[in-house]
Amino acid sequence: MSVRAILNEKGHNVVTVTPNVTVHQAATFLHDNRIGAVVVVDPDDQIVGILTERDIVASIAKHGATCLDSPVSSVMWQNVYCCREEMSIATLMEMMSKLRARHLPVEKEGRLAGIVSIGDVVKHHIRAMEHETEQIKAYIAG
C-alpha cells in the first residue's frame, strides 16, 4: 500500500495559504477547517513552508499576541519534509516517526498534490488490519 491509497480515500484537497497571510488569518483557517496544519505555497503552487498549531503557540509564547499580525512567512517551517504518492505506508510511518511530524505534504513533480496526517495513516492502518482479520476469519470458516 502507498500514500496514493490514502489520498484516493481522503482526497487531494489541501488548505493552503500564501506567505503574506497573517498568522491570525492562518489560525482562523485552521480553526474553521478543523485541521492542524496549512501548507504555504507560492503562486505556482510550489511548497514554500508549512504552519502548524504548534508553530503558532510557540510564536505566541515567544513574542506575545503581537505575532498574530505577522506574516505566516515569519513563523512557518521553511524546511518542509514531503513525501511522494509512490511511498509505501510503512516508509511513511517510519518517516513521520523519525521526524516527529504529524503532517507531511505530498509532492508530485514539484507541486503540492495532497497532505497526509498521522491520523490518516492510523485510520488507513486500522482499516487494513480489519480487512486482513476478515480474510483470516473467512479462510478459517472455510
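Predicted model: local features only at pLDDT ≥ 70, side-chain atom pairs only at ≥ 80, totals over all residues.

Visitor: How many helices and strands does the protein chain have, and in what order do the elements run?

Guide: The protein chain has five helices and five strands. Read from the N terminus, the elements follow the order α-β-α-β-β-α-α-β-β-α. Along the principal axes, the C-alpha atoms occupy a box of roughly 65 × 30 × 25 Å.

Visitor: How is a sheet to be read, and what is the order of the three strands in the open sheet?

Guide: Strands of a sheet pair through backbone hydrogen bonds, in either a parallel or an antiparallel manner. Here the open sheet of three strands has the order E1-E2-E3, and its pairing is mixed. Strand E1 (16-17) and strand E3 (47-52) are the edge strands, each pairing on one side only. E1 and strand E2 (residues 37-41) run parallel and are joined by two bridges; the bridge partner of Val-17 in E2 is Val-40.

Visitor: Which helix packs on this sheet?

Guide: Helix H2 (residues 23-33) does, touching E1, E2 and E3. The direction of H2 makes about 130° with that of E2.

Visitor: How is a helix pair described, taking helix H1 and helix H5 as the case?

Guide: One considers the approach of the axes, the crossing angle and the residues in contact. The axes of H1 (residues 3-10) and H5 (residues 118-141) come within 11 Å and cross at roughly 95°, so H1 is roughly perpendicular to H5. H1 contributes Ala-5, Ile-6, Glu-9 and Lys-10 to the contact, and H5 contributes Asp-120, Val-121, His-124 and Arg-127. Of the residues in the contact of H1 with H5, three are nonpolar, one is polar and four are charged.

Visitor: Which residues does UniProt list for "domain: CBS"?

Guide: The unreviewed UniProt entry lists residues 7-66 and 76-133. Residues 7-66 are 43% helix and 22% strand, with the end C-alpha atoms 37 Å apart. Residues 76-133 are 47% helix and 22% strand, with the end C-alpha atoms 42 Å apart.

Note on methods
Residues numbered from 1 in each chain as written. Heavy atoms only, no water. Pairing = 2+ DSSP bridges. Helix = DSSP H or I, 4+ residues; strand = E, 2+ residues; numbered from the N terminus. Contact = heavy atoms within 4.5 Å. Axes fitted to C-alpha atoms, helices over the stretch in contact; angles between N-to-C directions. Parallel < 35°, antiparallel > 145°, perpendicular 65-115°, else oblique. Nonpolar A, V, L, I, M, F, W, Y, C, P; charged D, E, K, R; others polar. UniProt positions renumbered as here; feature names shortened; annotations may be inferred.
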